[in-house]
Each structure stands twice: as structure tokens, then as C-alpha cells.
Amino acid sequence: MNTQVLLLHGPNLNLLGTREPQVYGSDTLADINQRVSEFAAQRGITIQARQSNHEGALIDALHDARTWAAGVVMNPGAYTHTSIALRDAISATQLAVVEVHLSNVHAREEFRHRSLLAPVCVGQIAGFGWRSYILGIDALLGHLGLLK
Ligand code: DQA
């Protein structure tokens, strides 16, 4: 069976395409999932994409991924800046997680500069629009030694 990666999207990302396109671009979440899946498939990887607006559901998705995912590329949305529970879930599962953001959070409001999750992630990629996800997959596969 193919190596599988969880692509996990947090709150409000289901609205991509119509949500502040000047900040997040005009691609929908389905467009992004499609591009990421194609990029991963070229490298022999299968993407399982999930989105939730609920912190607990994102935590459940991480717990579930322990049994099948080689790693996770995650855009935690605003939970990046607030969620100790998601941070603990990443630590507890010991999953390799790459944190990604469409926008350059460091160039925005001060409350977006801090990530509670980045210290327990492999690393963070921000500011490249939908390509942040592609870079995230590439970084994760490199980290896992899965790049051919
Ligand atoms: C975001 C940045 C967060 O600060 C924000 O709350 C989001 C989207 C991004 O992808 O740029 O929901 O994660």
C-alpha cells in the first residue's frame, strides 16, 4: 500500500475561494487538495485530506492518523495561535507535522506572529499561498526520507 499523508485543514479554510481572497487567494480548498494530491502522487504518496472547524475534531484526526499516516501537513488556521490542546496532541502522537499557512503570518497582526504549535512541529512554512502546501509536502517527505 502507498505511503499516506494526512493533509489537515483547520477552521474557516472550508471557505477558501470566497474568504478574503486578497489575503488567501481565490483557490478553493478542493482546488488545493487536488494540486497537493497530484504533487504527492507523482512521488508515490497518497493524500488523505480532512477539514474541520472544531478543535476536538482536529485532535481526533491527529489521534486517528497515528495508525496510518507517515506524517501530517497541517494548516491549523487560528488554532495555531491559541490551542494548547492541539499542541499537546502533536506531542502526544509523536507524528511528524509540518505547519503551513497560506499567508505570511509574521507580516500580519501581532497575534498571528506566535504559533503555539511550531515548537512541536518539524517546521513551519508560511506566505506562499497554495504553494505553501506543496512546500509542506516536500519538506515532510524530505524529513521522512521519502524523497526519491
Ligand atoms: C492562516 C493564518 C491564520 O492566522 C488564520 O487564522 C487562518 C489562516 C493561513 O493559512 O494563512 O485561518 O492559517
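Start by selecting Arg 112: an N or O atom in its side chain sits 2.9 Å from an oxygen atom of the ligand. Keep in mind that this is a predicted model, where local features need pLDDT of at least 70 and side-chain atom pairs count only at pLDDT 80 or more, while totals for chains, interfaces and linings use all residues. Numbering runs from 1 along each chain as its sequence is written, and side-chain values use heavy atoms, with hydrogens and water left out.

Next, pick Ser 103, whose side chain puts an N or O atom 2.6 Å from a ligand oxygen. Then show the backbone of Leu 102: an N or O atom there lies 2.8 Å from an oxygen of the ligand. Taken alone, the ligand exposes 320 Å², and the protein buries 99% of that (Shrake-Rupley method, 1.4 Å probe).

You'll get Arg 19, Tyr 24, Asn 75, Gly 77, Ala 78, His 81, His 101, Leu 102, Ser 103, Val 105 and Arg 112.

Finally, hide the ligand. What is the space taken by the ligand? That space is the largest pocket, and it has a volume of about 150 Å³. Its lining has 16 residues, with Tyr 24, Asn 75, Gly 77, Ala 78 and His 101 nearest the centre. A pocket here is an open set of points on a 1 Å grid over the protein atoms alone, where a 1.4 Å probe fits, with protein on both sides within 12 Å along at least five of seven lines; lining residues have an atom within 4 Å of a point.

Key:
Grid points are joined across faces, edges and corners, and a volume is the space filled by probe spheres set on the points. A residue is near a molecule or strand if one of its heavy atoms lies within 4 Å of it. A polar contact is a pair of N or O atoms within 3.5 Å; within protein, one must be able to donate a hydrogen and the other to accept it, and residues adjacent in sequence count only if both atoms are side-chain atoms. A molecule sits in a cavity or pocket if more than half of its atoms lie within 2 Å of its grid points.
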